[in-house]
Amino acid sequence: MRIAREIMAQWAASAEATPLSNNLIPLRDYSDLYQQDEQLRIWLPDQAQQALTEICARLDISMTVYLTEFFASYLFGIHEVIRMRDAKVGLYDSDESRLAGVMDTKDEKQPPDDHETDFDDPVPEMGKNIFALKIFVPSKIKAGLQSRAEHAQVSLGRFARAMICAHLFGREVGPRMLMNSGAKP
């Protein structure tokens, strides 16, 4: 992913000041996460497109970077995403030779934990999905999202759209609430 040098410098200073633990969970294989080799197409409602545009502008980051980090946080956890930043591996590595020591022999293709389908199907549906979003993400992230979508028994596009909308507006937002949000009491 392309991240501004200034932002990387800020992350490095923060990592030195407040380092994260390396041994809280078994090490995972984050190789190839820096390769944005799979296309993910998502149709979003206008409200989500506008909110994403505003947030990315505020954070001075591209939608691809923002959403890739969001999906990685969902799949691997925010602690692990920040650890990747600190160690410059996974999403933040552009040189495979630096991946030594981050590998785990554990099989990545384990079935998801048994839990309710609703857990993985955040459901704010917000009306017509008119904004076509096409981003490139690492194949591991797309495969992880696809696995969770299958577990939730929905398409990958719907699953990703629902995740994004829930992330932006919470799980209690639906078409009726949005349509009434502009109405004056």
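Student: Which residues of α2 are buried?

Tutor: This is a predicted model. In α2, the buried residues are Ala48, Gln49, Ala51, Leu52 and Cys56.

Student: Where do they fall when you look down the axis of α2?

Tutor: The buried residues lie within an arc of 165° seen down the axis of α2, so they line one face of the helix.

Student: What sits on the face turned away from the buried side of α2?

Tutor: That face carries Ala57 and Arg58, which are exposed.

Student: What span should α2 have, and how far apart are its ends?

Tutor: α2 has 14 residues, and at 1.5 Å a residue it should span 20 Å. The C-alpha atoms at its ends are 20 Å apart, which agrees.

Student: What follows α2?

Tutor: Asp60 does, and its phi is positive, near 55°.

Student: Back to Cys56. How many disulfides are there?

Tutor: The count comes to zero. Cys56 is buried, because its relative accessible area of 5% is under the 20% cut-off. Cys165 is also a buried residue, with a relative accessible area of 1%.

Student: Okay, zoom out. What is the secondary structure of the protein?

Tutor: There are seven helices and two strands. Starting at the N terminus, the order of elements is α-β-α-α-α-β-α-α-α.

Student: What share of the residues is buried?

Tutor: Of the 185 residues in the protein, 37% are buried.

Student: And what share of the contacts comes from residues 24 or more positions apart?

Tutor: Counting contacts with a separation of 6 or more, residues 24 or more positions apart account for 83%.

Student: Now the largest nonpolar core. Which residues touch the most other members?

Tutor: Leu67, Phe71, Met84 and Ile164 do, in a core of 40 residues. At least two core residues come from each of α1 (5-17), β1 (38-45), α2 (46-59), α3 (63-76), α4 (78-87), β2 (129-137), α5 (139-152) and α6 (156-169).

Student: Which element gives the largest share of this core?

Tutor: α3 does, with eight residues.

Student: What does Phe71 touch?

Tutor: Leaving out residues up to four places away in sequence, Phe71 touches Leu40, Ile42, Ile135, Ile141, Leu145, Ala160, Met163 and Ile164.

Student: New topic, the loops. Where is Asp29 found, and is it buried or exposed?

Tutor: Asp29 is in the loop between α1 and β1. Asp29 counts as buried because its relative accessible area is 18%, and the cut-off is under 20%.

Student: Which side chain does Asp29 make a polar contact with?

Tutor: With the side chain of Ser31, at 2.6 Å.

Student: What is the phi of Asp32?

Tutor: Near 70°, which is a positive value in a residue other than glycine. Asp32 lies in the loop between α1 and β1. At 31% relative accessibility, Asp32 is partly exposed.

Student: And Gln153, what is its phi?

Tutor: Phi of Gln153 is near 65°, again a positive value in a residue other than glycine. Gln153 is placed in the loop between α5 and α6.

Student: Is Gln153 buried or exposed?

Tutor: Gln153 counts as exposed, because its relative accessibility is 68% and the cut-off is over 50%.

Terms used
Residues are numbered from 1 along each chain as its sequence is written. This is a predicted model: local features need pLDDT of at least 70, side-chain atom pairs count only at pLDDT 80 or more; totals for chains, interfaces and linings use all residues. Side-chain values use heavy atoms; hydrogens and water are left out. A nonpolar core is a set of buried Ala, Val, Leu, Ile, Met, Phe, Trp, Tyr and Cys residues joined through side-chain atoms within 4.5 Å. Buried means under 20% relative accessible area, exposed over 50%, partly exposed in between (1.4 Å probe, protein chains only). Helices (H or I, at least four residues) and strands (E, at least two) are DSSP runs, numbered from the N terminus. Contact means heavy atoms within 4.5 Å. A polar contact is a pair of N or O atoms within 3.5 Å; within protein, one must be able to donate a hydrogen and the other to accept it, and residues adjacent in sequence count only if both atoms are side-chain atoms. The expected span of a helix is 1.5 Å times one less than its number of residues. The arc is that of the directions from the helix axis to the C-beta atoms. A disulfide is a pair of cysteine sulfur atoms within 2.5 Å.
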